[in-house]
Each structure stands twice: as C-alpha cells, then as structure tokens.
Amino acid sequence: MLGLLETGSGFWNALIWVIVVLLIGAIVYYIRNKGEQGYKKNTEQDKPFISGNPESSKEGSHVSASHIYWGFTEALRGYYNPLVKMHTGNLNDYSGWIVIIMALVLILVGVSG
Amino acid sequence: MIGNFPYVTVAVSIGCGLYILMFQKNLIKLAIGINLIESGINLFLITLGYRKGGVAPIYTQAPAGKAMVLPTPQALTLTSIVIGVATSALVLSMAMMIYKHYGTIEVDKARRLRG
Amino acid sequence: MKLMDHIPALIIAVPLLAAFLSPVVGKINKKVVGILAALALGFSLIFTIILAVKILSVGPQVYVFGAKSPSLTLPSGLKFPIRIIFQIDAMGIFMGLITALVSFLGAVYSLAFIDKNNGIDKYYSLLLLLAVSMFGMELTGDIFNFFVFLEIASMASVSLICYKGTERGEPVEAGFKYMVVSSISALMVLFAIGIFYGEYDVLNMAALASVIKYSQLDKIALGILVPVLAMKAGAVPMHMWTPDAYSEAPAPITMILVAASQASLYALFRVVFSLYNITLNTLVVGWIIIIFGLLSMFIGVTMAIIQKDIKRLMAYHAISQTGYMLLGVGVGLAVLANPIALPEYGITAMEGGIFHIMNHALYKGLLFLTAGALFYRTGTRDLDKMGGLAHSMKYTTIFFIIGAAAIAGLPPFNGFASKLLIYESVYRFNPLLSIIAMVVSILTLASFVKVFHSAFLGPQLPQFKEVKEVPQSMVLTMAVLSCLIIFFGLFPDLIVKNLVHPAVMSLIEQFKYTGIVLGGR
C-alpha cells in the first residue's frame with residue numbers, strides 16, 4: 001500500500017492521517033456552523049477584554065523573544081547557569097574538549113578489549 | 001632503541017602542539033601549535049616508510065639489490081606539507097583580520113561569539 | 001570510452017572545472033559567474049541521479065583513476081589496489097544525492113542573496129570547491145584521498161564563513177575557531193591513517209577492511225577517528241564551533257555547511273561499519289556513539305531555547321538533530337553482533353538515523369534559508385528586533401511553518417517519519433533513550449514556537465513597514481525544499497524502501513562494500 005511505513009512495532013501512513021484530519025476538520029466546521037450567527041458589530045463586543053485594564057498600543061503589545069519562556073529558564077536556572085558558562089567562546093576550551101573526549105574514548109576503547 | 005627515537009619526537013611534538021592549543025592565548029602561537037602537530041605527523045609518516053640502509057626510491061637510478069625506502073609515505077607527506085602551508089596561510093591571515101577588527105590577538109579577549 | 005563509465009569522475013570534475021573557471025569568467029562579466037556555478041552544480045545533480053539509478057538497480061560501482069579501464073581495480077594480478085579508487089555504494093550515493101541537491105539549491109539561492117559587487121567570483125569558486133570536496137569525501141574509497149578532501153572542505157568552508165569578514169570581526173572569529181578545530185581533527189585523521197598504513201601497508205578502505213584485526217594499534221586509530229569525526233559533525237561536548245560558524249556564515253553557505261558536517265558523520269559511520277564492522281567491540285563503541293547522540297540532542301535543544309539570534313538558535317537545533325542520527329545508528333551498531341536483535345530493531349533504528357540525515361538536510365536547509373530571507377529584508381538576526389513579519393513576507397512565513405513543523409516532528413511532514421522509526425526501534429533497545437528523544441522533540445517544537453511568535457506574529461512594526469517579499473529565485477529554492485519535505489512526509493515508504501534500506505544494508509554487510517574492489521574474496 002502506498003505510503004505505508006513499517007516501523008517494526010507498528011506502521012505509519014501519512015495519507016490515512018491526512019484523511020482523518022480532513023474528516024475531523026469537516027465535523028468541526030459543521031458544528032461551528034451550528035453556532036450563534038450574529039453578534040453586534042462596532043460595539044463593545046468587538047473589543048478585547050483585559051480585565052478592565054486599558055488596551056496598550058498595537059506596537060507596544062508585541063512580546064519580544066527574550067521574554068518568551070522566562071519562567072522556564074528561571075525555573076531551570078541551576079541547569080542553565082553552568083551550561084551557559086561552559087560555552088565560553090574561548091578557543092582554548094574548544095581544543096581542550098576535543099583532547100579530553102579523545103582521551104576518554106581512547107581509554108574506553110582500550111580498556112573494553 | 002635508537003630506532004624508536006623518531007617516534008618519541010613525534011609524540012613530543014604532537015603533545016607540545018596540543019598543549020599550545022589548549023593553554024596559549026596568542027592567536028599566532030595557536031598557528032604555531034597547529035604547525036607543530038603537523039610536523040610531528042609528517043615525521044611519523046616519513047619514519048614509517050624508512051628502511052634501514054635504504055636508498056631513495058627512484059627506480060631508474062637505484063643500484064641493483066639494495067633496499068629502497070617506501071615511496072608512498074613520502075608522497076603522502078608531500079601532500080600533507082602542501083595542505084599545511086595553505087592552512088597556515090589561512091590561519092595567519094585570519095589572525096590578522098581579527099587584530100584589525102578587535103584590536104587584540106588574545107583568545108580570551110577575542111570572543112564576542114559565545115553562549 | 002563511453003561517457004556513462006566516467007560519470008563518477010564527472011560528478012567531481014565538472015564543478016572543479018567551474019571552480020577554477022569562475023575567477024576568469026568573473027573578470028569578464030560578474031553576473032554570469034553565479035549562473036555558471038548553478039549550471040555546473042546542476043550537471044552534478046543530474047549525474048548523481050543517473051549514478052544513483054545505476055547503483056540501485058545494478059549494484060555498487062567503482063571508478064579507478066588512471067587505469068586502462070575505469071573498473072580495473074586489481075591490475076596485473078596484484079593482491080591489493082594501488083590506485084585511487086572511487087567506491088560508490090548505496091550509502092555513498094545516498095549522501096551524494098543530499099550534497100548535490102543542497103549545493104545546487106544553495107547556488108541558486110545565492111544568485112539573489114549575495115551582493116553582486118564584492119568578490120562574487122571568489123564566493124562561487126569557493127562554493128564549488130566546497131561541493132567538490134563533499135562529493136569527494138562521500139565517493140572516495142581511498143582513506144588518504146578522504147583526508148585531502150576533508151582538508152579542502154574545511155579550507156573552503158572557513159573562507160566562506162569569513163565572507164563578510166572585511167566588514168565585521170565576528171565572521172573572522174568564527175572562521176578562525178572553525179579552522180583551528182578542523183585542523184586538529186584533520187591532522188588526527190592523518191595520524192590514524194599513518195597508523196593504518198604502518199600496520200597494513202594499504203590505504204584503500206576495502207583492502208584495509210579485509211585485513212583489519214582490531215589489534216592494539218587499531219584500537220588507538222579507532223579511538224582517534226571516532227571523536228574527531230564526531231567533532232566535525234558537531235557532537236556535544238565538542239560542538240562549540242557549530243553555533244559560531246553556522247550563525248556567521250551567509251545563509252546559503254550555512255545550508256551547505258550542514259551537509260558538509262553530515263559528510264563527516266558519514267565518514268564516522270563508514271569507519272565504524274565498513275572498516276571495522278564486527279571486529280570491534282560493538283557494544284562499547286555503540287554506546288559511545290549513543291552517548292554522543294544523547295548529549296547532543298539534549299544540550300543542543302536546551303541551549304537553543306535561550307538563544308536570541310535566529311541563526312544561532314537554528315545552529316543549536318542542527319546539533320540536536322545530529323544527535324538523533326547518532327542515536328539511531330549508535331543503537332544499530334550496539335546490536336550489530338547480535339543476530340536476533342539486529343533484524344528485529346537494529347536495522348529499523350539505523351534506517352531511522354540514516355533517513356533522518358536526508359530529512360535534516362532538507363528542513364534545516366529550508367529553515368536556514370528562511371532565516372536568510374528574514375536577514376535579507378530586515379538586516380538583523382536578532383529576534384528581539386523582529387516582529388510582525390508575516391504581514392509582509394507571506395511565502396516565507398508558510399515555508400517557515402513547514403520547516404518548523406518538520407523539524408519538530410509533527411505529522412505529516414518528513415521529520416515525523418524518521419523520528420517515529422527511531423522512537424519505536426530505540427524503545428526496544430532501551431526505553432529511556434526513546435523517552436529522552438521524545439522530550440527533545442517537544443522542546444524543539446517549543447523553541448520554534450518562540451521563533452515563530454517573535455519573528456512572524458504580532459502587529460506590523462513601524463520599522464518594517466517597507467519590507468517586501470524576497471526575490472523570486474529565493475522563493476523558488478525554498479519552495480522546492482518545501483515540496484520535497486511534504487513529498488517525503490507523505491510517502492516515506494518510497495524513500496525508505498528504495499534509498500535508505502539499501503544504504504543501511506550496505507553499511508551493515510561489510511562485504512557489499514569491500515567485495516566490489518577485491519572481487520569475490
């Protein structure tokens with residue numbers, strides 16, 4: 001069968017996946033069309049509701065890249081601080097890592113027999 | 001024993017080269033370090049092809065019955081020397097450009113790319 | 001003298017000729033150089049496809065340089081080959097196809113991307129040399145010849161990384177770092193070659209493979225070759241040159257550099273499988289490669305999440321995706337000597353790893369090209385300064401979504417197919433490895449959501465009001481890559497059955513590689 005990929009424990013067929021997604025999409029679209037049709041344009045209903053706070057300007061509302069996942073990096077600070085410190089950008093460390101890893105692999109391969 | 005002396009030299013010069021690359025800060029010295037490793041390996045290749053009492057491997061001029069040194073390692077070494085010259089030229093010219101832009105040739109100061 | 005017999009040489013000869021022609025042509029007309037390069041690489045692509053069809057239908061091919069006939073590997077009764085031989089099996093041509101495709105598209109993308117005035121002829125000359133050296137590394141059967149091509153590759157790529165070096169210092173810094181580490185790696189490869197030559201007196205890989213014993217010296221050679229080739233492929237913790245070099249190179253060059261580091265990865269697999277095969281302690285070496293893979297996957301992706309430079313972020317993802325390939329093939333190697341586990345899940349794991357090489361070259365290339373398109377129009381790589389670009393660059397946005405979905409392993413794109421093969425087979429080797437791989441995939445998606453949000457979504461920023469869509473040749477290359485990604489995603493079985501499976505089998509069965517040179521031994 002076209003598109004059938006055997007993985008040893010199961011199979012994967014992208015075409016079936018696409019057909020299923022299209023079917024579900026059609027059902028969702030049908031249910032959506034059953035919903036309430038009209039809302040009042042150009043009234044309060046159009047505006048975003050930010051708990052009564054004033055809406056900031058459109059240009060000012062963009063969240064820049066540094067602020068995304070702030071919580072994630074803050075929570076994992078213990079992991080990130082040493083990791084970032086490891087990437088010194090110092091060329092001596094680059095060659096140092098190669099020599100260390102080469103020594104380790106040589107020992108492992110030599111000892112294992 | 002004395003026959004192993006070239007191999008000791010190989011180990012020492014590769015070791016020196018790696019030490020320079022790991023601990024020296026000057027970019028020009030790093031270029032020297034690469035050259036040291038390279039000369040060590042060239043010496044290694046040449047030593048592999050040496051036969052005691054052998055003559056140069058020129059087929060038409062070698063006296064009959066005498067052993068010749070292996071020609072292949074010499075060809076390999078020649079290739080590797082040529083490549084080494086190109087590498088040194090490239091590394092040194094880049095060190096020059098780094099000095100021009102950064103005003104320093106210290107490794108731990110010329111590191112705007114990190115993290 | 002039939003042209004068909006000389007195709008392996010022509011794959012290399014045509015771009016090599018164009019590389020040395022382009023400075024001359026550049027003296028006459030600057031505009032033609034790019035078209036010349038694209039044309040030469042287009043020819044290479046056609047030749048590679050012809051050769052691939054021949055290899056997959058007939059079997060592995062050899063090409064002997066300087067012999068009376070291109071297939072004469074053992075002249076006048078010699079026991080081992082003395083000439084430089086190109087030995088091309090299914091794995092070699094698989095990598096050759098990737099190289100041909102990526103370098104051709106890179107040249108086409110450069111037509112509009114690279115500034116016409118400053119050193120354009122040298123740029124194309126070096127690009128062609130880089131393509132030639134990658135072809136050489138993948139097709140050659142002579143281990144010293146491999147070293148020469150490795151050095152050409154590092155020199156050409158370093159010069160290309162420094163292409164903007166006259167204006168800013170950072171590209172030169174990145175180039176210097178890459179040159180030093182790749183010099184170490186190439187010289188260490190030469191050292192290992194010296195050990196092989198001193199021990200067995202042969203340089204041909206097939207001849208070497210037939211006599212190799214895994215003695216103490218062979219172990220030293222293996223212990224040198226594995227880390228330095230993994231370093232050239234960007235394995236953690238020797239990956240630090242990767243983000244520097246990938247982020248500072250021009251975008252089309254970054255795409256080709258990804259393929260160049262995969263050529264080193266190919267060399268690693270070639271050494272481990274075709275040279276040593278089951279003579280080595282497969283479990284230990286397999287686990288070394290698996291650990292390289294795990295570290296690369298996890299540290300690569302976690303470092304990517306906190307990056308602000310779009311190309312640096314993508315470079316860390318390149319490291320993390322290399323981890324998947326190392327993981328898949330490492331598992332295959334670990335069970336290589338086990339006759340029950342190998343057909344049960346080892347081959348599938350390797351298929352996943354090898355298939356991932358091709359998928360990675362496609363979607364990572366596409367992502368770097370979209371990053372280049374953003375840089376071309378906004379003049380910055382800083383994600384903090386971007387925003388709302390989906391309003392003005394619609395095609396680029398679509399291509400970015402396709403690439404990001406593919407790298408995160410979302411169905412139905414190609415990344416999912418290869419990752420699924422890896423997950424399901426690695427799970428049966430060790431469940432923990434599979435779970436880590438899935439977590440990494442999720443984190444990949446998370447960091448691309450960040451890029452998508454900060455570069456493309458949001459209101460149109462005032463400084464980017466004038467931004468337009470990129471020129472047509474750039475859109476075209478990205479479109480070609482996107483179509484291939486979707487095609488590979490919808491019909492992964494075609495690729496796995498016809499290209500990947502033969503490649504894996506030719507790695508596993510050492511005889512398929514050595515037999516073509518040494519005859520029926």
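Which helix of chain C is Thr242(C) found in? Thr242(C) is found in H9 (residues 241–248), and the legends below come back to this residue. The model is predicted, so local features need pLDDT of at least 70 and side-chain atom pairs count only at pLDDT 80 or more, while totals for chains, interfaces and linings use all residues. Residues are numbered from 1 along each chain as its sequence is written, and side-chain values use heavy atoms, with hydrogens and water left out.

**View 1. Helices H2 and H3 of chain C packed together.** H2 (residues 30–58) and H3 (residues 90–113) pack at about 160 degrees, with axes 9 Å apart. That makes the pair roughly antiparallel (angles over 145 degrees). Helices here are DSSP runs of H or I, at least four residues.

**View 2. Thr242(C) in H9 of chain C.** Thr242(C) counts as buried because its relative accessibility is 2% (the cut-off is under 20% relative accessible area, with a 1.4 Å probe and protein chains only). A polar atom of its side chain sits 2.7 Å from the backbone oxygen of His239(C). Leaving aside neighbours within four places in sequence, Thr242(C) is in contact with Gly234(C), Ala315(C) and Ile319(C).

**View 3. Phe191(C) in H6 of chain C.** Phe191(C), in H6 (residues 170–200), also counts as buried, at 17% relative accessibility. Not counting residues up to four places away in sequence, Phe191(C) touches Val10(B), Ile14(B), Ile41(B), Phe44(B) and Ile224(C).

Terms used
Chains are lettered from A and ligands numbered from 1 in the order in which they are written. Axes are lines fitted to C-alpha atoms, for helices over the stretch in contact, and angles run from 0 to 180 degrees between N-to-C directions. Helices (H or I, at least four residues) and strands (E, at least two) are DSSP runs, numbered from the N terminus. Angles under 35 degrees count as roughly parallel, over 145 as roughly antiparallel, 65 to 115 as roughly perpendicular and the rest as oblique. Buried means under 20% relative accessible area, exposed over 50%, partly exposed in between (1.4 Å probe, protein chains only). A polar contact is a pair of N or O atoms within 3.5 Å; within protein, one must be able to donate a hydrogen and the other to accept it, and residues adjacent in sequence count only if both atoms are side-chain atoms. Contact means heavy atoms within 4.5 Å.
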